[in-house]
Amino acid sequence: MLNFALLAVFLVGGYADIFMTNPKGSNNRLNEDGTNRANGARLFDSQNNNKGGYNVGERGVAANNEDHTQQYQMEYYGSGPGAGEKSHLVVEWAHQHGCGDNPKVRCNNVIQYMCMNQGTEEDYPEGDGNSEADRKERANYMRDGINTETQPHIQGPGRHERTDEAYLERIAQNHAAIAAEKGLQESFLWHDMCRYREANAGLFRADQNIQNDRKSNHDNQGYPSSRKTRQNPGGNRRGYECPEERDYYPYWQPTLQGPYDPQYQRTPWIDVAYLGDTDNCPDILKNSFNHHNKHRCVLPGARDYGKSIHKEGCKAEGGKWVEFESYLEVLEQVSSKVECEEISAKNKFNLVVWRPLRSDSDVMRCFVKAPSPVCKKAATTRNNHLQCHVQPSLLNQV
């Protein structure tokens, strides 16, 4: 059923310094020919040093920074419909600081992935055309890119734009500035939501004094945005990642990358596994976006995102507190509840439902929900020793 062609995999632990070996983790490398990566802010915050990570594969022996078709992309074959046709992906990584029963550390690992359904050479964005289709393509297509620069972000005013026209003009400028030759993981709109959403004031901040960087229209009050965290108090940008969502799990907002678009059907971050302190498993399973719908504040007008992270604040802001569904795939070819229920009855692995994707919509769709994440104890590894674990493998994911 699933036909997603592009994949981003993300693994993070409490101490970071995780080196992912299968699927191969980039550590923000691309095609560098030296020991160090060129740009640690290219796509995400790995919190690793410059020497880790794998380059994207080259089809030939020469380094390539001009033609994406000369990059080799790994292919993973999906499961068939029967129990005997399961496919397995072994996920491997090493901890610099140790994990599991190691008494010197407290270590929790989160594995997530994101997919989109465009992946042929014909879909790859070309050049810098300024038509709406060109801009939309460059802003949505997940890719490695062919140079190591970071995509741009055109900053709006310190408060929300006061008119739809001003907001839409800035979004169009940003989409026009996104370059085909630069890598793209999360979407620009996802990062823009992060810059306008208020930071969660209930998080532990240690001795960090998180400064205000936004001002709300409805009450003229300053507030720190969710791009600022204890680990990133300055709000430094790395790709289009949202620092607060990266640093805290499970996240309390939906991780959808923007309004649903059937042409660039992109999943939110899908939870695969939590490996660590099993006392946390009830909370992890209860609050995973795979099955637990999340809410966010939706403002009237062109902007689809507000400041507030709670219902009362959203109401004061003039917004609507909207519930969002997570999904693996929206089955666009299915147009009736009866057909959707027939597919659901045949599916032995995933829940298939007939519902709106958001609570403020009357449009019914048939979509596939992700399974609950695995929640287990982490394997034990030693400090400062990038080795395989000393226990049997705990993640051989179907």
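## A buried cysteine to start

At 1% relative accessibility, Cys-297 counts as buried (buried means under 20% relative accessible area, exposed over 50%, partly exposed in between, with a 1.4 Å probe and protein chains only). Before going on, a word on the model: it is predicted, so local features need pLDDT of at least 70 and side-chain atom pairs count only at pLDDT 80 or more, while totals for chains, interfaces and linings use all residues. Residues are numbered from 1 along each chain as its sequence is written, and side-chain values use heavy atoms, with hydrogens and water left out.

What does Cys-297 pair with? Its disulfide partner is Cys-314, and the two sulfur atoms sit 2.2 Å apart (a disulfide here is a pair of cysteine sulfur atoms within 2.5 Å). The angle about the S-S bond is 85°, making the link of Cys-297 and Cys-314 right-handed. This pair links distant parts of the chain, 17 residues apart: Cys-297 is in strand 11 (residues 294–298) and Cys-314 in helix 6 (residues 311–317). Helices (H or I, at least four residues) and strands (E, at least two) are DSSP runs, numbered from the N terminus. Cys-314 is buried too, with a relative accessible area of 0%.

## The other disulfides

The structure holds 5 disulfides. Counting bonded cysteines along the chain, they follow the pattern 1-2, 3-4, 5-10, 6-7, 8-9.

Take Cys-194 and Cys-242, whose sulfur atoms are 2.2 Å apart in a disulfide. With 70° about the S-S bond, the link of Cys-194 and Cys-242 is right-handed. Cys-194 lies in helix 3 and Cys-242 in the loop between strand 9 (222–223) and helix 4 (243–247), so the pair ties together parts that are 48 residues apart in sequence. Cys-194 is buried at 0% relative accessible area, and Cys-242 is buried at 0% as well.

Cys-99 and Cys-107 also form a disulfide, with 2.1 Å between their sulfur atoms. Here the link is left-handed, at -85° about the S-S bond, and both cysteines are buried. Then there is Cys-115: the closest cysteine sulfur, in Cys-366, is 18 Å from its own sulfur, too far for a bond. Cys-115 still counts as buried, at 10% relative accessibility.

## Two nonpolar cores

A nonpolar core is a set of buried Ala, Val, Leu, Ile, Met, Phe, Trp, Tyr and Cys residues joined through side-chain atoms within 4.5 Å. The largest one has 15 residues, and Ile-171, Phe-188, Leu-189 and Tyr-305 touch the most other members. Helix 2 (164–177) and helix 3 (188–196) each supply at least two residues of this core, with helix 3 giving the most, 6 residues.

Leaving out residues up to four places away in sequence, Phe-188 touches His-153, Arg-170, Ile-171, Asn-174, His-175, Ile-178 and Tyr-240 (contact means heavy atoms within 4.5 Å). A second, separate core of 12 residues includes Ile-18, Cys-99, Cys-107 and Leu-275.

## Around Asn-293

Asn-293 is found in the loop between helix 5 (281–287) and strand 11, and is buried at 15% relative accessible area. Its C-alpha atom is 6.8 Å from that of Ser-326, 33 residues apart along the chain.

Which side chains make polar contacts with that of Asn-293? Glu-323 does, at 2.8 Å, and so does Glu-325, at 3.3 Å. A polar contact is a pair of N or O atoms within 3.5 Å; within protein, one must be able to donate a hydrogen and the other to accept it, and residues adjacent in sequence count only if both atoms are side-chain atoms.
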